[in-house]
Amino acid sequence: MTGKTRNSMAAIMTVLVTVVMWMTAAIGAIVLLAGGIELVSMLSGSPISIGAIKVDDHDISVPELAAGLVGVLVVVCAVVFVSLELRKILATLAAGDPFVPDNADRLTRIAIAIAITQLMRYVIAIFVGLMVTGTSLEFSVDLIAWASVAALFILSQVFREGTRLRDEEKMTI
(Lines give C-alpha, C1' and ligand atoms only; values in the text may rest on other atoms or scores of the structure.)
Protein backbone atom coordinates (compact mmCIF):
# COMPACT_ATOMS: atom_id res chain seq x y z
CA MET A 1 0.00 0.00 0.00
CA THR A 2 1.42 3.36 -0.92
CA GLY A 3 1.66 6.24 1.53
CA LYS A 4 -0.91 8.16 -0.49
CA THR A 5 -3.41 5.27 -0.36
CA ARG A 6 -2.85 4.82 3.36
CA ASN A 7 -3.38 8.54 3.96
CA SER A 8 -6.53 8.66 1.85
CA MET A 9 -7.98 5.62 3.65
CA ALA A 10 -7.20 7.22 7.02
CA ALA A 11 -8.81 10.45 5.78
CA ILE A 12 -11.97 8.60 4.70
CA MET A 13 -12.19 6.79 8.02
CA THR A 14 -11.65 10.07 9.88
CA VAL A 15 -14.55 11.65 7.99
CA LEU A 16 -16.80 8.67 8.75
CA VAL A 17 -15.90 8.69 12.45
CA THR A 18 -16.49 12.44 12.61
CA VAL A 19 -19.89 12.15 10.92
CA VAL A 20 -20.95 9.39 13.33
CA MET A 21 -19.74 11.45 16.29
CA TRP A 22 -21.63 14.60 15.29
CA MET A 23 -24.80 12.73 14.31
CA THR A 24 -24.80 10.92 17.65
CA ALA A 25 -24.21 14.17 19.52
CA ALA A 26 -27.00 15.98 17.62
CA ILE A 27 -29.55 13.19 17.99
CA GLY A 28 -28.57 12.75 21.64
CA ALA A 29 -29.01 16.47 22.29
CA ILE A 30 -32.48 16.42 20.71
CA VAL A 31 -33.53 13.34 22.71
CA LEU A 32 -32.16 14.79 25.94
CA LEU A 33 -33.90 18.13 25.32
CA ALA A 34 -37.25 16.47 24.52
CA GLY A 35 -36.90 14.07 27.45
CA GLY A 36 -35.92 16.93 29.75
CA ILE A 37 -39.02 18.88 28.74
CA GLU A 38 -41.15 15.79 29.36
CA LEU A 39 -39.50 15.28 32.76
CA VAL A 40 -40.12 18.91 33.78
CA SER A 41 -43.76 18.55 32.70
CA MET A 42 -44.14 15.36 34.73
CA LEU A 43 -42.48 16.75 37.84
CA SER A 44 -44.38 20.04 37.74
CA GLY A 45 -47.71 18.29 37.19
CA SER A 46 -48.75 20.81 34.59
CA PRO A 47 -48.61 20.63 30.81
CA ILE A 48 -45.91 22.49 28.94
CA SER A 49 -46.67 24.19 25.63
CA ILE A 50 -43.99 25.06 23.12
CA GLY A 51 -45.62 26.63 20.10
CA ALA A 52 -48.08 24.08 18.73
CA ILE A 53 -46.55 21.27 20.81
CA LYS A 54 -48.25 20.49 24.10
CA VAL A 55 -46.66 18.06 26.58
CA ASP A 56 -49.28 16.65 28.92
CA ASP A 57 -49.83 12.96 28.13
CA HIS A 58 -47.30 10.84 29.98
CA ASP A 59 -47.06 7.16 29.04
CA ILE A 60 -43.96 6.58 31.13
CA SER A 61 -43.06 6.94 34.82
CA VAL A 62 -40.55 9.45 36.16
CA PRO A 63 -37.98 6.76 37.11
CA GLU A 64 -38.25 5.15 33.67
CA LEU A 65 -37.79 8.49 31.92
CA ALA A 66 -34.90 9.48 34.19
CA ALA A 67 -33.20 6.13 33.61
CA GLY A 68 -33.72 6.49 29.86
CA LEU A 69 -32.20 9.97 29.87
CA VAL A 70 -29.20 8.76 31.86
CA GLY A 71 -28.83 5.89 29.39
CA VAL A 72 -28.90 8.26 26.42
CA LEU A 73 -26.36 10.53 28.10
CA VAL A 74 -24.02 7.59 28.82
CA VAL A 75 -24.22 6.30 25.24
CA VAL A 76 -23.74 9.72 23.66
CA CYS A 77 -20.74 10.48 25.88
CA ALA A 78 -19.23 7.07 25.11
CA VAL A 79 -19.68 7.44 21.34
CA VAL A 80 -18.19 10.94 21.34
CA PHE A 81 -15.27 9.83 23.54
CA VAL A 82 -14.54 6.73 21.43
CA SER A 83 -14.82 8.80 18.24
CA LEU A 84 -12.32 11.37 19.51
CA GLU A 85 -9.88 8.61 20.47
CA LEU A 86 -10.29 6.94 17.07
CA ARG A 87 -9.64 10.25 15.32
CA LYS A 88 -6.34 10.54 17.20
CA ILE A 89 -5.39 6.98 16.19
CA LEU A 90 -6.32 7.72 12.58
CA ALA A 91 -4.19 10.87 12.66
CA THR A 92 -1.13 8.77 13.53
CA LEU A 93 -2.05 6.35 10.73
CA ALA A 94 -2.33 9.23 8.27
CA ALA A 95 1.09 10.42 9.40
CA GLY A 96 2.46 6.94 8.63
CA ASP A 97 3.40 6.00 12.19
CA PRO A 98 0.53 4.31 14.05
CA PHE A 99 2.77 2.30 16.41
CA VAL A 100 3.19 4.96 19.05
CA PRO A 101 2.73 4.42 22.79
CA ASP A 102 -0.22 6.83 22.88
CA ASN A 103 -2.26 4.57 20.57
CA ALA A 104 -1.92 1.65 22.97
CA ASP A 105 -3.25 3.89 25.72
CA ARG A 106 -6.05 5.10 23.45
CA LEU A 107 -7.15 1.54 22.69
CA THR A 108 -7.16 0.79 26.42
CA ARG A 109 -9.29 3.88 27.10
CA ILE A 110 -11.74 2.85 24.35
CA ALA A 111 -12.04 -0.62 25.92
CA ILE A 112 -12.68 0.92 29.34
CA ALA A 113 -15.30 3.29 27.90
CA ILE A 114 -17.18 0.40 26.28
CA ALA A 115 -16.97 -1.63 29.51
CA ILE A 116 -18.29 1.29 31.57
CA THR A 117 -21.14 1.76 29.10
CA GLN A 118 -22.08 -1.90 29.45
CA LEU A 119 -21.88 -1.76 33.25
CA MET A 120 -24.11 1.32 33.23
CA ARG A 121 -26.74 -0.71 31.34
CA TYR A 122 -26.85 -3.08 34.32
CA VAL A 123 -27.02 -0.24 36.85
CA ILE A 124 -29.88 1.41 34.96
CA ALA A 125 -31.74 -1.92 34.67
CA ILE A 126 -31.41 -2.48 38.42
CA PHE A 127 -32.61 1.08 39.11
CA VAL A 128 -35.69 0.68 36.92
CA GLY A 129 -36.37 -2.78 38.35
CA LEU A 130 -36.29 -1.45 41.90
CA MET A 131 -38.08 1.87 41.34
CA VAL A 132 -40.86 0.99 38.90
CA THR A 133 -43.66 -1.20 40.17
CA GLY A 134 -44.72 -3.98 37.84
CA THR A 135 -41.32 -4.08 36.17
CA SER A 136 -39.35 -7.30 36.26
CA LEU A 137 -35.59 -7.23 36.52
CA GLU A 138 -34.08 -8.79 33.41
CA PHE A 139 -30.44 -8.92 32.42
CA SER A 140 -28.97 -9.57 29.02
CA VAL A 141 -25.30 -9.84 28.26
CA ASP A 142 -24.11 -8.18 25.07
CA LEU A 143 -21.44 -10.69 24.05
CA ILE A 144 -20.32 -8.58 21.10
CA ALA A 145 -19.62 -5.58 23.34
CA TRP A 146 -17.71 -7.67 25.89
CA ALA A 147 -15.78 -9.45 23.12
CA SER A 148 -14.91 -6.01 21.73
CA VAL A 149 -13.60 -4.96 25.14
CA ALA A 150 -11.40 -8.06 25.28
CA ALA A 151 -10.21 -7.55 21.68
CA LEU A 152 -9.35 -3.90 22.36
CA PHE A 153 -7.33 -4.83 25.46
CA ILE A 154 -5.46 -7.41 23.36
CA LEU A 155 -4.87 -4.91 20.55
CA SER A 156 -3.56 -2.36 23.02
CA GLN A 157 -0.96 -4.90 24.16
CA VAL A 158 -0.09 -5.65 20.52
CA PHE A 159 0.44 -1.92 19.95
CA ARG A 160 2.62 -1.70 23.06
CA GLU A 161 4.74 -4.61 21.86
CA GLY A 162 4.88 -3.20 18.32
CA THR A 163 6.07 0.12 19.70
CA ARG A 164 8.70 -1.59 21.83
CA LEU A 165 9.99 -3.65 18.89
CA ARG A 166 10.08 -0.60 16.63
CA ASP A 167 12.03 1.35 19.24
CA GLU A 168 14.50 -1.55 19.62
CA GLU A 169 14.93 -1.71 15.85
CA LYS A 170 15.74 2.01 15.74
CA MET A 171 18.52 1.41 18.27
CA THR A 172 20.01 -1.48 16.25
CA ILE A 173 22.76 -0.61 13.82
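Helices are taken here as DSSP runs of H or I with at least four residues, numbered from the N terminus. By this assignment, leucine 130 belongs to helix 3 (residues 101–131). The structure is a predicted model, in which local features need pLDDT of at least 70 and side-chain atom pairs count only at pLDDT 80 or more, while totals for chains, interfaces and linings use all residues. Residues are numbered from 1 along each chain as its sequence is written, and side-chain values use heavy atoms, with hydrogens and water left out.

Buried stands for under 20% relative accessible area, exposed for over 50%, and partly exposed for values in between (1.4 Å probe, protein chains only). As a general background, nonpolar side chains tend to be buried together in soluble globular proteins.

Leucine 130, by contrast, is classed as exposed because its relative accessibility is 67%. Leucine 43, found in helix 1 (residues 3–44), is likewise exposed, at 60%.

Charged side chains complete the picture. With a salt bridge defined as a side-chain nitrogen of Lys or Arg within 4 Å of a carboxyl oxygen of Asp or Glu, the count is seven. One of them joins aspartate 97 to arginine 166, at 2.4 Å from N to O. This pair connects distant parts of the chain, since aspartate 97 sits in the loop between helix 2 and helix 3 and arginine 166 in helix 4, 69 residues apart. Arginine 166 is buried at 18% relative accessibility, and aspartate 97 is partly exposed at 31%.

Another salt bridge pairs aspartate 105 with arginine 160, their closest N and O atoms lying 2.9 Å apart. Because aspartate 105 is in helix 3 and arginine 160 in helix 4, this pair ties together parts 55 residues apart in sequence. Within helix 2, glutamate 85 and lysine 88 are three residues apart, about one turn of the helix, and their salt bridge has a closest N to O distance of 3.5 Å. Arg109 joins Glu85 and Lys88 in a network of salt bridges.

Methods: Helix = DSSP H or I, 4+ residues; strand = E, 2+ residues; numbered from the N terminus.
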